[in-house]
Amino acid sequence: MQTSGTNPYQLLVQSILDYAIFMVDPQGRVRSWNAGAEQIHGYRPADIVGRPFALLHTEQERAGGRPELILHMAAAHGRFQEEAERLRRDGSRFWGHMVCDAVRDEHGHLLGFAMVTRDITERRHTEQRLREVERRFRLFVDGVTDCAICMLDPNGIVTDWNAGAERIKGYAAAEIIGRPLARFFVNPQVAQTAMTVAAESGRYDMVDWQVRKDGSRFMAEIAIDAIRDSDGQLLGFAKITRDITERIEAERRLEDTRAQLFQSQKIEALGQLTGGIAHDFNNLLQGIIGSLEVVQMRLASGRQDVDRFLGNAIDSAKRAATLTHRLLAFARRQPLAPKSVSLNDLVTQIAELLPATLGERVELKLDLAPALVPVLCDPNLLESALLNLAINARDAMPDGGRLTIRTGSVPPGEGPLRRPHSLSDAPTLLLQVSDTGVGMAPEVRARAFDPFFTTKPKGRGTGLGLSMIHGFVTQSRGAIELESAPGQGTTVSIYLPSGERRSMRSNDARETGARWEPAAGETVLLVEDEDVVRELVAGKLRELHYRVLEARDGHSGLAAIESGERIDLIVSDIGLPGLSGLQMVEVGRHRRPGLKVLFVTGYAETMPEDWTPDADTDLLTKPFEFDMLVQRIRALLPSPLVRAQNP
């Protein structure tokens, strides 16, 4: 290669290795040859300069006049370019991208041609491999018949359509290519939303109704993927659709079967519940009826030694009341009086009483989290639940062990308790009772909350303890979890909502040996639809020198409230015919603001879920003892409490 007399630009061109750059005169002879040309074509400058550039073509191309055609086209149009196979000196071939530019002087006379060739063999092989992959993929896609696979351009127009799409949608490829995707959606806006989301996040999955060519609809599982080039430019979308109508129908049938099985299990559980209730109540009623018959017979014969039998009847009746409360708790229908409670204080108070119950062989450990917010629940029922769990734990550790009571706070959004959106940022309170006892087998654990199911020996348990706790926790908008395994002990976790609630008046501490007398002139309006109950309560209050007004329904009670009669307190059932006790009081307080009310009920179905007692309102659960009724009355009335000595 001649370098003398060359300028820097020529030196630069001659040193380039990636491109073959050479000049050809008008007759087609090579006039210059750079290092890249030597490397790509295999000719040294001395071997090619002055010779026809046709040597770079195959013998077949030379016979067909291809070299001359290239020069002719470049001379006629100024430039000619092509991708074609080229020949190296050693006879091997490579793919080259060749550009031939005609070079002319200022008068337009042809001086020759500038030839630039780049070896694109690797690129061509890559493209060939890609075409083969695409061909095989196309065969695969076209062979898939259980999925509709189609390609879309960036505007959602169908560009490809496989056999599965034809089978599922009913359209042949010729009918649908070039049409918009949206026509297959019941709601076309859904299609646009799907592509927008896919373009932004890369993929969109959904389940939606689709329309076939014949107008029928089917449930489809759809995935739309965005396709982009290496620069991130959106090329289109790949959409895969699977007909899941049969699967959905199968799931529906399975769900129906499950529902039938669940109904069967409920009927079985109801039979177990009914049998348990009948067994326990028959025993209790036998004690009541038998005792009263003995009393009746002895009184008829002039005998007065009936106190023991009356006591037996009262004890049986009280046990029946306890059983009813437990059943209502299981059914989540017991009346609740929720208020803000310090969980740690409640546990500490119960813990003071537990050692005597647990015995010397059970170690009690408290693990109380500090600074807990109040829990919202009925404190009496929570105490009862904790005591029941402690007794169960004791019975599960016949050889002794450790009982641990923990409290804690679960962060918002965690734990099994699902809060309303308005309370989604409120923590959940945790009360956990763990033992190191014998644990439960899986089949026992599965039935642990069933009513009247117990593993304790006969006479040592009704089987209502855990079911009652489950009902109370659920009714309190909480959740309960049980973990147990044979030999691993048992852990019961109770989750309850936190919250502030105005405390209700509480006066449950009983003082025996005292009777209660009213202040002068106190008048009680008694509203009760059950005649026997109303007669008994009214008689007892009159014996205690209260003035009693009676009403048998809500409308009669409201009429008394709206009259000119003095009323210091209302004692009213909640579930009254026509106008409920709650409705009667709500209307009546418009006439008499600050009216004090003691509600009486035995069934939570009559109470709104969000009802809460306040400073002028209290709640008493049926059945009750008269002493408790009078205590609640005295706690509501402002006059001082007067005790009279027992006669």
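A: The model is a predicted one, and a search of the whole structure finds 1 aromatic pair. The partners are phenylalanine 22 and tryptophan 33, whose ring centres lie 5.0 Å apart with their planes at 40°, so the pair is classed as tilted; that class takes the angles left between stacked, under 30 degrees, and edge-to-face, over 60. Phenylalanine 22 belongs to strand S1 (residues 19-24) and tryptophan 33 to strand S2 (residues 30-33), so that the pair links parts of the chain 11 residues apart. As to accessibility, both phenylalanine 22 and tryptophan 33 are buried.

Two further tryptophans have an arginine over the ring. At tryptophan 95, the charged end of arginine 124 is placed over the ring, 3.7 Å from its centre, whereas at tryptophan 209 the residue lying over the face is arginine 217, at 4.8 Å from the ring centre.

The setting for these details is a chain of 647 residues, 39% of them buried, with a secondary structure of 19 helices and 24 strands. Among contacts with a separation of 6 or more, 58% are between residues 24 or more positions apart. The accessible surface of the chain is about 35300 Å², and carbon and sulfur atoms contribute 52% of that area.

Note on methods:
Residues are numbered from 1 along each chain as its sequence is written. This is a predicted model: local features need pLDDT of at least 70, side-chain atom pairs count only at pLDDT 80 or more; totals for chains, interfaces and linings use all residues. Side-chain values use heavy atoms; hydrogens and water are left out. Helices (H or I, at least four residues) and strands (E, at least two) are DSSP runs, numbered from the N terminus. Buried means under 20% relative accessible area, exposed over 50%, partly exposed in between (1.4 Å probe, protein chains only). Contact means heavy atoms within 4.5 Å. Accessible areas come from the Shrake-Rupley method with a 1.4 Å probe; for residues, only the protein chains shown count as cover. Rings of Phe, Tyr and Trp (its six-membered ring) pair if their centres lie within 6.5 Å; planes under 30 degrees apart count as stacked, over 60 as edge-to-face and the rest as tilted. A charge sits over a ring if NZ of Lys or CZ of Arg is within 6 Å of the ring centre and within 35 degrees of the ring normal.
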